[in-house]
Amino acid sequence: MMPQIANKENLLTKKNEQKYQISVDPNNPDLVMEVWIRGITFFDVQNAAQNMFKIEANGEATLDLEGYWRYAFTHWVTQTNPSLTPEELGSLEAHIANQIAELLPKPDHLAEMMQSGFTKASN
């Protein structure tokens, strides 16, 4: 008989969010903001893919990186300090947004996950 899993929590995405500090001023590394990122689920991957690939009227798929990053920033960034709205997250200065993007799955990593890459080690 195969052993049974005793704790179903081992099967679920961890609810714990990870907190990161992001430098907000290139001239002052002590000036930081806090960002909380949550783990992603199978259904997150599917929803993010729908925002990343747009199907044109002729049936061709086009890549929408802005759609992907908007989804990632508004669904996987759960909290910031100072507190930012989704609209404010979309208006961050590039050097700040790039640091947050480094903490999130990249579009190519999402494509791997869509092809059963969940079992591969993440970056």
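Three salt bridges are present in the structure, a salt bridge being a side-chain nitrogen of Lys or Arg within 4 Å of a carboxyl oxygen of Asp or Glu. The structure is a predicted model, in which local features need pLDDT of at least 70 and side-chain atom pairs count only at pLDDT 80 or more, while totals for chains, interfaces and linings use all residues. Residues are numbered from 1 along each chain as its sequence is written, and side-chain values use heavy atoms, with hydrogens and water left out.

Strands (E, at least two residues) and helices (H or I, at least four) are DSSP runs, numbered from the N terminus. E34 is buried, with a relative accessible area of 17%, whereas K19 is partly exposed at 47%. Here, buried denotes under 20% relative accessible area, exposed over 50%, and partly exposed the range in between (1.4 Å probe, protein chains only).

A salt bridge is also formed by the side chains of R70 and E66, at 2.9 Å from N to O. Both residues lie in helix α2, four residues apart, which corresponds to about one turn of the helix. R70 is partly exposed at 47% relative accessible area, and E66 is exposed at 52%. At the start of α2, a side-chain oxygen of D64 comes to within 3.4 Å of the backbone nitrogen of E66. Such a polar contact is a pair of N or O atoms within 3.5 Å; within protein, one atom must be able to donate a hydrogen and the other to accept it, and residues adjacent in sequence count only if both atoms are side-chain atoms.

The side chains of R38 and D44 meet in a further salt bridge, with an N to O distance of 2.8 Å. R38 is partly exposed, with a relative accessible area of 25%, while D44 is buried at 7%. D44 is located in helix α1 (residues 42–52), and its side chain reaches the backbone nitrogen of T41 at 2.8 Å. When neighbours within four places in sequence are left aside, D44 is in contact with R38, G39, Y71 and W76, contact meaning heavy atoms within 4.5 Å.

Y71 and W76 also belong to one aromatic cluster, together with Y68, W69 and F73. A pair of aromatic rings is described by the distance of the centres and the angle of the planes. Rings of Phe, Tyr and Trp (its six-membered ring) are paired if their centres lie within 6.5 Å, and planes under 30 degrees apart count as stacked, over 60 as edge-to-face and the rest as tilted. By this rule there are five aromatic pairs. Among them, Y68 and W76 are edge-to-face, at 6.2 Å centre to centre and 65° between the planes; both residues are buried. W69 and F73 form an edge-to-face pair as well, with 6.4 Å between centres and 80° between the planes. These two residues are four apart in helix α2 (residues 65–75) and are therefore separated by about one helical turn. W69 is partly exposed at 22% relative accessible area, whereas F73 is buried at 9%.

The buried residues in α2 are G67, Y68, Y71, A72 and F73. Buried residues of this helix pack against α1, β5 (77–81), α3 (86–89), α4 (94–103) and α5 (107–114). In total, the protein has five helices and five strands, arranged from the N terminus as β-β-α-β-β-α-β-α-α-α. Of the contacts with a separation of 6 or more, 57% are between residues 24 or more positions apart.

Of the 123 residues of the protein, 27% count as buried. The accessible surface, computed by the Shrake-Rupley method with a 1.4 Å probe and, for residues, with only the protein chains shown as cover, comes to about 8,800 Å², of which 51% belongs to carbon and sulfur atoms. F53, L63, L65 and M114 make a nonpolar surface patch of about 350 Å². Patches consist of residues with over 30% relative accessible area and no salt bridge, like charges being joined within 9 Å and nonpolar side chains (Val, Leu, Ile, Met, Phe, Trp, Tyr) within 5 Å. L63 lies in strand β4 (residues 61–63) and is exposed, with a relative accessible area of 52%.
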